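Notebook, one chain. I went through the coordinates and wrote down what I looked up.

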Amino acid sequence: MIHPILTSRKRLAWFGACWLLLTGIAWFSIYPDLPPDALVPVLAHLAFHHFTLAVLLMGAWFGIRYLRPERQSWTLLLLNHSLYALILTALSVTLSEWMGPSLPIELRALKTLISILAYCTFVLYLNVQAYYETAIAVRKNEKELFESLKEAEMKVLRTQMDPHFLFNSLNSISTLTLIDPDKAHEMILKLSDFLRFSLEIGKTPQVPLSKEWDMCESYLAIEQIRFGDRLKIDFQRDPDVPDLLVPSLLLQTLFENAIKHGVQQSLEPEPIVCRMERLDQHVRIKIKNSRDPEAIAPKGSQTGLQNIRTRLQKLYEQPAWIDQDSDSHSFTIQLYLPI
């Protein structure tokens, strides 16, 4: 263990200042009863006694540090502290007698009282300091454990999203190989580029919004091959929207959701509208897709949106949330990210 006083200049300075203050208080407490010729000798006597006691207490720490409630019973702990206090008091008073054995007898009683109180205060300080450092260490370990757990959970969430898109793309390629082999080949190349891109940014929990949108464009290019003229994207981004960090693979999941509920269920062109705008201290990302009211709504597990909600809770200290609204003609997702 590290000595709580000797290893810190600031604590050592405070320790010395406390003894100087104690010397002044003790001297002024008996000042009215002292003759003029005893003022300086008594002050020197008290200063030497306090210096001796301070040195003894700092040395006694090497033994006192083992006197802890978790190591000993309260009875044995009380007996050991009483023995330490008795020895330190006897040593400090005896050593300080060399400064002037002819001084008033009341001074010996004062030194004894000061020695006992100083020992009790020192032990209290050591215990408070030990418990404080333990609490700091526990909090640090909890924080590190929480960060590790959060990182592990984020990896699991991203892992759940990646295969979902991959399976859909492979199904599309399988269909195109029978209808249009050239488009199937083109889609394989774009899918390869997209997967390379997603693996790059998927290594980190957050990426710049501009980089996330670049990946979405790569994803939409793949889906454009699949759906042709049926897929139309209307995208607008306000110039005052900052390039803030967003959860990686976030927008791709939302566009995948829009395609699933819109274009995929209709034979007519179904536009997907994307708006990015700043609202006070948040950026709102709105993705709205129209859909055929006569089409059968696809059944989903809501895994993608639930993963997004979980990631927002874990990544942001400030409020971040996602709203969804739907009717027979449209499906809307609004994402609010703190700046």
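Surface first. I am working from a predicted model. I took the accessible surface of the chain and got about 19,800 Å², with 62% of that belonging to carbon and sulfur atoms. Of the 339 residues, 40% count as buried.

Next, the overall make-up. I find eight helices and seven strands in the chain. I also checked contacts between residues at least 6 apart in sequence: 73% of them join residues at least 24 apart.

Then the sheet. I traced an open sheet of five strands, ordered β2-β4-β5-β7-β6, with mixed pairing. Which strands stand at the edges? They are β2 (231-237) and β6 (321-326); each has a single partner strand, so one side of each is left without a neighbour in the sheet. From one strand to the next, I note that the twist averages 10°.

I followed β2 to its partner. It runs parallel to strand β4 (residues 270-279), and seven bridges join the two. Within this pair, I see Ile233 opposite Ile272 in β4. I then looked at what packs on the sheet: helix α6 (residues 209-227) does, touching β2, β4 and β5 (282-290). The direction of α6 makes about 165° with that of β2.

Last, a nonpolar patch on the surface. I list Leu83, Ile87 and Leu91 as its members, with about 260 Å² of accessible area together. I placed Leu83 in helix α3 (residues 74-96).

Conventions. Residues numbered from 1 in each chain as written. Predicted model: local features only at pLDDT ≥ 70, side-chain atom pairs only at ≥ 80, totals over all residues. Heavy atoms only, no water. Patch = residues over 30% accessible without salt bridge, like charges linked within 9 Å, V, L, I, M, F, W, Y side chains within 5 Å. Areas by Shrake-Rupley, 256 points an atom, 1.4 Å probe, with all protein chains shown as cover. Salt bridge = Lys/Arg side-chain N within 4 Å of Asp/Glu carboxyl O. Helix = DSSP H or I, 4+ residues; strand = E, 2+ residues; numbered from the N terminus. Pairing = 2+ DSSP bridges. Axes fitted to C-alpha atoms, helices over the stretch in contact; angles between N-to-C directions. Contact = heavy atoms within 4.5 Å. Buried < 20%, exposed > 50% of the residue type's maximum accessible area, 1.4 Å probe, protein only.
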